[in-house]
Amino acid sequence: MNTAAGPTVDGVALGVVIGLFVIVTGVGFAAARWRRPPAFASLDEWGLGGRGFGSFITWFLLGGDLYTAYTFVAVPAAMFSTGAVSGFFAVPYTIIVYPIIFIFMPRLWSVSHRHGYVTPADFVRGRFDSRSLSTAVAITGIIATMPYIALQLVGIQAVLEVAGLGGSGNTFTRDLPLFIAFAVLAAYTYSSGLRAPALIAFIKDILIYLVIIVAIIYIPYKLGGFGKIFDASEAKLTATPATSFIPGSAGLLSYGTLALGSAMALFMYPHSVTAVLSTKNRTVVRRNASMLPAYSLMLGLLALLGFMAIAAKTSVIGADGKPNAQLVVPALFRQMFPSWFAGVAFSAIAIGALVPAAIMSIAAANLFTRNIYREFFDRSASPAREAAVSKLVSLIVKLGALAFILFLDKTLALNFQLLGGIWILQTFPAVVFGLYTRWLHRYALLAGWAVAMVWGTIAAYRVVAPATGKHFGASVAKIPFFGDHTAYIAITAFVMNVVIAVVLTVVFRALHVPNGKDATQPADYHADADAERVAVPTPA
Amino acid sequence: MTAPHTEPHTGKIRRRKLAPATIAVVAVLLAAPLVALLWVGSYNSKTPRLWGFPFFYWYQLLWVILAAGCTSAAYLLITRTGHDIELESAHQNDEKGTDK
């Protein structure tokens, strides 16, 4: 391999990638006919797959949705370049997320089923009777999801670059494969809705599991065992400043808050809620909470690929001749595997990008349609009209993500993704606390959200990476008034958010500020599939 | 549908009533993974090693399996014990709609 000019084209691997991509495309279009109802034109059908997915499909759908291509690329890349604190926290994060959703998600499912809510902002609107609060939740969801979609493209790009596409030629020929992949994705999402990623998730997950099992047996075998891999990583990471092999006493709080904050934030993302609301009854969510950790085990093993790459001295020189840690996983696969299996592994990552990208664009489109279009432009939109708007918006969202990656700096997408995690957690008080109590005042929640959003953004901007001197250097920062302790910015902002919400609630209640009418009843939070939907009154 | 004896049109919704001891066990099962993993100081050490994995790494991977077991046990306790009670829902003609 000529390292100066970047990777050369690997014909066999590319052939395998193209072949599998064609199969996935066929499945994506065929999905429109899968479990097809008599009337397809509504958000319940297009945007939630008919609200009828059982435990088995949901396991694949949620697994395909939450464990994205970007995760597969970024977590090992973080392990490779900076070690445990910024990489391996993904393991405790994806463990503790399940007990957390086990507790509150069935309530959100029930109230959404009873009232026909499609998005978390729909629930906030009904519960708190506040257009400003529900719009805040919807906009936060959209801006947190957009860069996340863009980063799925980074996963595909990393694969294509290592497979040898992307070295030569102008911007157009270099990015043509990415463009085609996304155009096809947009087309079948448009026609099949949530059914497309649900079916493709089966292929994606089977490929990913196959690749991971082979990788964690074959690569350590070639490198002389896990002992040698960890020794090489320890030697490299302890010799490099600002990295960690195992978090020291200064990194404990950062590691713990990163895990907790990410776990609390994960199911605030609209795409997670979309997958949960597509299930057919209340217990599917809980049953899945006990079966989804299989993916976390896989993610943990996948993270260790970053350490394997350290031991294997994998070259991460990109097509532009500069080192790029994001290439580490595909580069390791190309270095260690025969071409045909490297092709299978590349496909697993690329297809792994398509599933979440589709669900995220559907979720963002649902938020726009229900909480912005319907709320501000067309109060009496019919279900068919809502579906039509959502389908169109899902196309625009994907075009936006593509433009983001092609025309703007990639690090900008990374910065926004980091900010997205901080932002989305600030909707937690309104959504999750709202599932249990209406004590918090709607304007107090709004004020807490606003302050936390602003503070979190400023705090993230002010973290300068020591290596590059750039802003948005990390997602941990010192806690104000707490000396030198550093914690995940999202959690610090969340604490401010809650304190403000509580204090202002006391004030607003004392001043008798109107708090709106609650559209939900206590029993709604326990409703199962057989409970009738509450008739939605036509908005005045 | 799961419960044939319910009549959806009456607006009756059932909720599962569990014994206090069961609730306590479920709470412990769900809290255990959070406490164990967020107490990072209890596991940030290199030794003892297992199959070449430093303690920090194998301990967390082990918790993936333990946490799955805890959540499954909580799921079984919730679905297999206790009994359903019916909740009143006054959605039909109630315009006030404020609870608590």
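A:His512 lies in the segment after α22 (489–510) of chain A, where helices (H or I, at least four residues) and strands (E, at least two) are DSSP runs numbered from the N terminus. The model is predicted: local features need pLDDT of at least 70, side-chain atom pairs count only at pLDDT 80 or more, and totals for chains, interfaces and linings use all residues. Residues are numbered from 1 along each chain as its sequence is written, while chains are lettered from A and ligands numbered from 1 in the order in which they are written.

**Positive phi**

- Phi of A:His512 is near 55 degrees, a positive value in a residue other than glycine.
- A:His512 counts as exposed because it has 7 C-beta neighbours inside 10 Å. A residue is buried if 20 or more other C-beta atoms lie within 10 Å of its own, exposed if 12 or fewer, and partly exposed in between, with C-beta atoms placed from the backbone.
- A:Asp129, in the loop between α7 (120–128) and α8 of chain A, also has a positive phi near 55 degrees and is not glycine.
- A:Asp129 is partly exposed, because 19 C-beta neighbours lie inside 10 Å.

**Packing of α8(A) and α21(A)**

- Two packed helices are described by the angle between their axes and the distance between the axes.
- For α8 (residues 131–162) and α21 (residues 442–461) of chain A, the axes come within 9 Å and cross at roughly 35 degrees. Axes are lines fitted to C-alpha atoms, for helices over the stretch in contact, and angles run from 0 to 180 degrees between N-to-C directions.
- The crossing of α8(A) past α21(A) is left-handed, a term that applies if the near helix is turned anticlockwise from the far one by less than a right angle, with right-handed if clockwise.
- From α8(A), A:Ser132, A:Leu133 and A:Ala136 meet A:Arg442, A:Leu445, A:Leu446 and A:Trp449 of α21(A). Two residues are in contact if their C-beta atoms, placed from the backbone, lie within 7 Å.
- By class, the residues of this contact are 5 nonpolar, 1 polar and 1 charged. Ala, Val, Leu, Ile, Met, Phe, Trp, Tyr, Cys and Pro count as nonpolar, Asp, Glu, Lys and Arg as charged, and the others, Gly among them, as polar.

**Helix α1(A) and the segment before it**

- The 20 residues of α1 (residues 11–30) of chain A should span 28 Å at 1.5 Å a residue, and its end C-alpha atoms are 29 Å apart, which agrees. The expected span is 1.5 Å times one less than the number of residues.
- The buried residues of α1(A) are A:Ala13, A:Leu14, A:Val16, A:Val17, A:Val24 and A:Gly28.
- Down the axis of α1(A), these buried residues fall within an arc of 155 degrees, so they line one face of the helix. The arc is that of the directions from the helix axis to the C-beta atoms.
- On the face turned away from the buried side, α1(A) carries the exposed residues A:Gly11, A:Ile18, A:Gly19, A:Val22 and A:Gly26.
- A:Val9, in the segment before α1 of chain A, counts as exposed because it has 12 C-beta neighbours inside 10 Å.
- Beyond its neighbours within four places in sequence, A:Val9 is in contact with A:Leu14, A:Gly164 and A:Leu165. A:Val9 and A:Leu165 are 156 residues apart in sequence and 6.4 Å apart in space, C-alpha to C-alpha.

**Helix α11(A)**

- The 14 residues of α11(A) should span 20 Å at 1.5 Å a residue, and the end C-alpha atoms are 20 Å apart, in agreement.
- A:Phe226, A:Ile229, A:Phe230, A:Ser233 and A:Leu237 are the buried residues of α11(A).
- The buried residues of α11(A) fall within an arc of 90 degrees seen down its axis, so they line one face of the helix.
- Their cover includes α10 (195–223) and α15 (293–311) of chain A.
- A:Thr238 lies in α11 (residues 226–239) of chain A and is partly exposed, with 13 other C-beta atoms within 10 Å.

- Chain B has 2 helices and 2 strands, in the order β-α-α-β from the N terminus on.
- Of the 100 residues in chain B, 22% are buried.
- In all, 43 residues of chain B are in contact with 44 residues of chain A.
- On the side of chain B that touches chain A, α2(B) gives the most, with 12 residues.
- That side of chain B has 23 nonpolar, 15 polar and 5 charged residues.
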